[in-house]
Amino acid sequence: MDSIEVMIRSDEKGYFDRECPNEECLYQFKIKLNDWKEKVSDEVHCPMCGFVADADKWWTQEQLDSMREIATSYAMNKIQAELDKSFKKLERSTRNKFIKIKYKPGKRISFVNNPIGQMEEWETEIVCPECDTGYSVIGTAYFCPCCGHNNVKSALVESLVSIEKMVDSLDDIEALLEEKVGKDTARDMTRKMLEDSLENVVSAFQKYAELLYSQITNKKVRVNDFQMVQKGSDLFKDACGKEYSAWLSQYEIDRMNLLFQKRHILEHNAGIVDDKYIQKSGDNNYSVGQHIVLNKSEVYELLNIINKLCDGLAQECD
Ligand SMILES: [Zn+2]
Ligand SMILES: [Zn+2]
């Protein structure tokens, strides 16, 4: 079997493109070419889905296409050389017979081994705190491709930043939508987006708390444990000796609880206030049957509280 040497080139910042072989994912990321050569051993972790596979499985579609091209042109070239040889033989062996075969070698397909190119450089650059491998992604990533370390804090920070940017641009989005769908629908749609952003803050926090907690204790929690403020606070008190009040004022804890309850009602009761909501949130601005109103300022407020709390948790408990 022939082997062709393929040259691999990094981009301007020294990165090498990779793609998750998990069919469900196919997430593309970049890793420092030197780290790939020196640090990555047999197994590679997908930064997005955490799938683990052998190091030779991570070619991007573009790289595979280039390699296919290289291999095809190599094969064509070889076939032509073989063809030339056998026709020459045929020519010689038929020289003294009645029938003469003449073969003129055709124009050769030249064999070019192009270096495999890279996509343009990406924005988010991450260095793994565990193994120092440098990698680059678009959007949020969770796992180090080299050692699989789950960087829960940076994933949380990135999620919160993108939620905040979403809320920042709601007025612009509404203006754009107004042109397309009219004032009423535009207002309804952006209100829904604001409500979704509250849901997203809560689930980003829940995911973070769950992973951090299981990294510390090796224990799993029930699905909704960190959606309940008091429960979550108690779990961290057991795990690392400090409860939420170590980093948040009582007022902030109350607000966090109220906004978590608002999210619960929006998510599970179509926004209609019930007895449980009033009881658990301590919110006396509503009576049963009313519809929850959510303001932008409340989403910003919760973002601040969660940022503060998670900074504290990361410092004390990570
Ligand atoms: Zn993946
Ligand atoms: Zn690592």
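Is His45 buried or exposed in this structure? His45 comes out as buried, at a relative accessible area of 17%, where buried means under 20%, exposed means over 50% and partly exposed is what falls in between (1.4 Å probe, protein chains only). The model is a predicted one, so local features need pLDDT of at least 70 and side-chain atom pairs count only at pLDDT 80 or more, while totals for chains, interfaces and linings use all residues. Residues are numbered from 1 along each chain as its sequence is written, chains are lettered from A and ligands numbered from 1 in the order in which they are written, and side-chain values use heavy atoms, with hydrogens and water left out.

His45 sits in strand 3; strands (E, at least two residues) and helices (H or I, at least four) are DSSP runs numbered from the N terminus. Setting aside neighbours within four places in sequence, the contacts of His45 include Phe29, Phe51, Val52 and Trp58, along with Cys144, Pro145 and Cys146, a contact being heavy atoms within 4.5 Å.

Now to the metal. The zinc ion (ligand 1) is held by the SG atoms of Cys20, Cys25, Cys46 and Cys49, at 2.3 to 2.4 Å. Donors here are N, O and S atoms within 2.8 Å of the metal (3.2 Å for Na, K and Ca); water is not among the atoms, so sites may look incomplete. Angles among the 4 donor atoms run from 105 to 113 degrees, and the site is tetrahedral, a label given to four donors if all angles lie between 85 and 135 degrees. For four tetrahedral donors the ideal angle is 109.5 degrees. Along the chain, the zinc donors follow the spacing C-x4-C-x20-C-x2-C. Cys20 belongs to the loop between strand 1 (15-19) and strand 2 (28-32), and Cys49 to the loop between strand 3 (43-45) and strand 4 (52-54), so this pair ties together parts that are 29 residues apart in sequence. Cys20 is buried at 1% relative accessibility, whereas Cys49 is partly exposed at 36%.

Zooming out, the chain has 9 helices and 6 strands, and 39% of its 318 residues are buried. Of the contacts between residues at least 6 apart in sequence, 56% join residues at least 24 apart. Met76, in helix 2 (residues 61-93), is partly exposed with a relative accessible area of 39%.

Methods
Tetrahedral: all angles 85-135°; square planar, octahedral: opposite > 155°, others 65-115°.
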